[in-house]
Amino acid sequence: MLTGWNVAILGGDARQIEMIRKLSEWDASLHLVGFDQLDYGFTGANHIDMDDEEVEKFDVVILPVAGTDENGNIDSIFSNQQMVLDEDWVTRTKDECIFLTGIANNYLIDLLDKTDRRMVPLLSRDDVAIYNSVPTVEGAIMMVIQNTDFTIHSSRVHVLGLGRVGMSVARAFHGLGAKVHVGVRKPAHYARVQEMGLVPFYLNNLEKNAENSDIMINTIPAPIINASVIRKMPSHTFILDLASKPGGTDFRYAEKRGIKAIIAPSLPGIVAPKTAGRILANTVSQILKDYKRKDGESK
Ligand code: NAP
């Protein structure tokens with residue numbers, strides 16, 4: 001149980017609903033910031049503003065999956081109020097307050113380092129990233145269907161990257177009958193792709209591979225689908241960029257060439273917020289219970 005823990009949830013999307021439900025079940029004292037337009041009533045949860053004096057009590061602060069932007073702004077789909085996580089705000093929390101986020105950008109890393117607060121980026125954990133790849137893939141399939149006028153079956157699909165998302169994407173598109181090629185940079189990944197019955201290629205041959213691509217799905221958070229690659233693509237190629245913003249595609253050049261290219265962040269939150277929220281909520285509860293155990297049940 002999390003009895004006696006003051007947990008603040010700052011903004012986010014429908015995924016936070018499961019988080020609120022789960023933490024409520026575990027008897028945490030919940031403080032919700034940026035949920036004033038939320039229709040569900042959560043009995044016992046305390047709706048507050050960023051400048052509320054309760055901030056000084058927080059043991060845990062849960063940020064949206066996207067964390068903050070590079071200026072510290074926090075998004076909430078349930079509120080129009082502006083929320084900014086800055087040094088003044090963070091230092092008002094207890095010294096031992098834990099900050100949980102989906103992903104951490106440089107702003108967040110610097111801020112929590114400077115204020116000496118502990119941060120846990122949930123999506124860096126392999127277990128969370130692998131579970132989360134399932135709704136991501138379902139969202140990717142949806143995006144491809146919506147943006148092409150040909151079947152996935154028999155299409156030549158190039159997946160870039162064989163990480164947690166890339167592997168699930170490659171496997172799912174193969175299962176749908178696509179001819180899947182996977183671009184990697186490590187020999188071990190090359191071997192794995194072959195073992196999976198797919199066609200591997202090294203990323204330094206990406207330009208050549210682009211000539212035969214109907215669908216290119218990027219999972220590499222680096223500028224990989226550059227103008228030279230896009231120049232080689234057939235005009236009907238659809239680029240789906242799943243990598244975190246700003247993605248790995250030269251969108252300006254793609255538009256200039258008339259190639260359809262879309263960045264699709266936060267797909268789990270769009271296609272399966274309940275499942276995605278449950279994945280995060282289970283992990284957060286586990287993390288907090290582990291902290292509590294280490295803390296000698298002192299709370
Ligand atoms: P991951 O497990 O770290 O995999 C990243 C892959 O990119 C690895 O294969 C890695 O290869 C490769 N890579 C990284 N930098 C590279 C570079 N400079 N050149 C070539 N290859 C490079 O990450 P993940 O969990 O699969 O997530 C991939 C991306 O998707 C992230 O940006 C993540 O935030 C995003 N994501 C998006 C959604 C969505 O809804 N759109 C959902 C989940 C995740 P090496 O092993 O060789 O380094």
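The views below show a predicted model.

**View 1. Packing of helices H4 and H5.** Helix H4 spans residues 126-147 and helix H5 spans residues 164-175. The two pack at an angle of about 45°, and their axes are 8 Å apart. H4 and H5 are therefore oblique to each other. Their crossing is right-handed.

**View 2. Residues in the contact of H4 with H5.** H4 contributes Asp126, Ala129, Ile130, Ser133, Thr136, Val137, Ala140, Ile141 and Val144. From H5 come Arg164, Val165, Ser168, Val169, Ala172 and Phe173. By class, the residues of this contact comprise ten nonpolar, three polar and two charged.

**View 3. Surroundings of the ligand.** There are 23 residues around the ligand, and those that come nearest are Arg164, Val165, Arg185, Ala264 and Leu267. Arg164 and Val165 also belong to the H5 side of the contact with H4.

View 4. In the side chain of lysine 186, an N or O atom is 2.9 Å from an oxygen atom of the ligand. The backbone takes part at leucine 242, where a polar atom is 3.0 Å from a nitrogen atom of the ligand. At alanine 264, a backbone N or O atom lies 2.7 Å from a ligand nitrogen atom.

**View 5. Backbone geometry in two loops.** Most residues other than glycine have a negative phi, and most peptide bonds are trans. The bond joining lysine 245 and proline 246 is a cis peptide bond, with omega about 10°. Proline 246 is located in the loop between strand E13 (238-241) and helix H9 (251-257). Serine 154, a residue other than glycine, has a positive phi, near 75°. The loop that holds serine 154 runs between H4 and strand E9 (156-160).

Methods. Residues numbered from 1 in each chain as written. Predicted model: local features only at pLDDT ≥ 70, side-chain atom pairs only at ≥ 80, totals over all residues. Heavy atoms only, no water. Axes fitted to C-alpha atoms, helices over the stretch in contact; angles between N-to-C directions. Helix = DSSP H or I, 4+ residues; strand = E, 2+ residues; numbered from the N terminus. Parallel < 35°, antiparallel > 145°, perpendicular 65-115°, else oblique. Left-handed = near helix turned anticlockwise from the far one by under 90°. Contact = heavy atoms within 4.5 Å. Nonpolar A, V, L, I, M, F, W, Y, C, P; charged D, E, K, R; others polar. Near = heavy atom within 4 Å. Polar contact = N/O pair within 3.5 Å; in protein donor to acceptor, adjacent residues only side chain to side chain.
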